[in-house]
Amino acid sequence: MTTTTTEIVLPGLVEPDGLRVEHRELPRPGAGEALVGVEASGVSFAEQQMRRGKYYDQPPFPFVPGYDVVGTVLEAEDPALVGRRVAAMTKIGGWSSHLVVPAADLVPVPDGLDAAEAETFVVNGITAWQMLHRKARVRAGGTILVHGASGGVGTTLVQLARAAGIKVIGTASARNLDAVTALGATALDYRGDVPARVRELAPGGVDAVFDHIGGPGIVDSFRLLAPGGTLVAYGSVSTVNTGGSAKPAVLKLVARLLWWNALPNRRRTHFYNVWGGKRNLTRFRARLAEDLTAVFALAAKGQLKAQVAARIPLEDAAKALTLAESGTVTGKVVLVP
């Protein structure tokens, strides 16, 4: 017996309205696999870059985007999985009504968490948790600077830091400053003189900076670090409106970070990639499950509040992508099949 899935296909370098809604038959899950009925899939910056052909290692067109999903296992080799609500990080393929995934990639979702709310914590939660606790390792009482604090990763990072007793300075557009303040951060308009304001708030420098922008501004991010501080770069938003591939800009950024690490400046830098370490797949999966479970536990206790910008039907993915790219929302746009 096969299952018919509805998928959103990205056919090439198109505007959001160029996305296609298609249907196809899925084969039954094989050994070590599970069929998941998708209940929520997110719209992240990765898909925005893929649409422009700028994501670092995206597959050739056409393909189905969708970085992560939350859903219910409908069929699996292990009968104990059937009926369980799970989350998975997929990289592509998530913008579907049904999906076959390796069972080893599934992470249980606690009872009581809404599917769309849980979805906002999958790739965003893993990214924020690992950057804060595995890379920067900021302790309670420290101060961090979060660029893009109103975005999907940013809102999660702010909340995780506050839950850990860390002070947060967060940048955002003027329209989103109140939302960032409500999360417990000191909000700064990114169009202002951010370095000067950060130095006023943290004269000795900050313990960590989380920068998804890249470009020339990465120099200011590094200079704002206190001795012993850590810069975590994790994106290249500065390349969105530039022509050509983003790969040269990313490589230039990584080279700059490596150079800074080689200098005797008492500061550290990292380029964070959520897929880093996947060559050791067993260890990668174990860390991912451990970290996402920790994030879900905080959400289940009410210590993290999901920032769902909008819930939009899967078939309206073009509308969802347009909204996500508008820069007018706080949190994450979620597709609901």
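**Exercise 1. Determine whether Glu75 is buried, partly exposed or exposed, and find its salt-bridge partner**.

Step 1. Glu75 has a relative accessible area of 21%. Buried means under 20% relative accessible area and exposed over 50%, with partly exposed in between (1.4 Å probe, protein chains only). Glu75 is therefore partly exposed.

Step 2. The partner is Arg28, with 2.4 Å between the closest N and O atoms. A salt bridge here is a side-chain nitrogen of Lys or Arg within 4 Å of a carboxyl oxygen of Asp or Glu.

Step 3. Arg28 sits in the loop between strand 2 (20–26) and strand 3, and Glu75 in strand 4 (residues 68–76), so the pair ties together parts that are 47 residues apart in sequence. Helices (H or I, at least four residues) and strands (E, at least two) are DSSP runs numbered from the N terminus.

Step 4. Arg28 is exposed, at 52% relative accessible area.

The model is predicted: local features need pLDDT of at least 70 and side-chain atom pairs pLDDT 80 or more, while totals for chains, interfaces and linings use all residues. Residues are numbered from 1 along each chain as its sequence is written, and side-chain values use heavy atoms, leaving out hydrogens and water.

**Exercise 2. State which parts of the chain are linked by the salt bridges Glu325–Arg51 and Asp291–Arg134.**

Step 1. Glu325 and Arg51 meet at 2.9 Å, N to O. This pair links helix 10 (Glu325) and helix 1 (Arg51), 274 residues apart.

Step 2. Glu325 is partly exposed at 24%, whereas Arg51 is buried at 7%.

Step 3. Glu325 and Arg51 also belong to a network of salt bridges with Glu15 and Arg52.

Step 4. Asp291 and Arg134 meet at 2.8 Å, N to O. Asp291 is in helix 9 (residues 281–300) and Arg134 in helix 3 (residues 123–136), 157 residues apart.

Step 5. Asp291 is buried at 2%; Arg134 is partly exposed at 24%.

Step 6. The count of salt bridges comes to 15.

**Exercise 3. Explain why the buried residues of helix 10 lie on the same side, and list what they pack against**.

Step 1. In helix 10 (residues 317–325), the buried residues are Ala317, Ala320, Leu321 and Ala324.

Step 2. They cover an arc of only 95 degrees around the axis, so they lie on the same side of helix 10. The arc is that of the directions from the helix axis to the C-beta atoms.

Step 3. An α-helix has 3.6 residues a turn, so residues three or four places apart point the same way.

Step 4. The buried residues pack (contact: heavy atoms within 4.5 Å) against strand 1 (3–9), strand 3 (33–43), helix 1 (45–51), strand 14 (308–313) and strand 15 (332–336).
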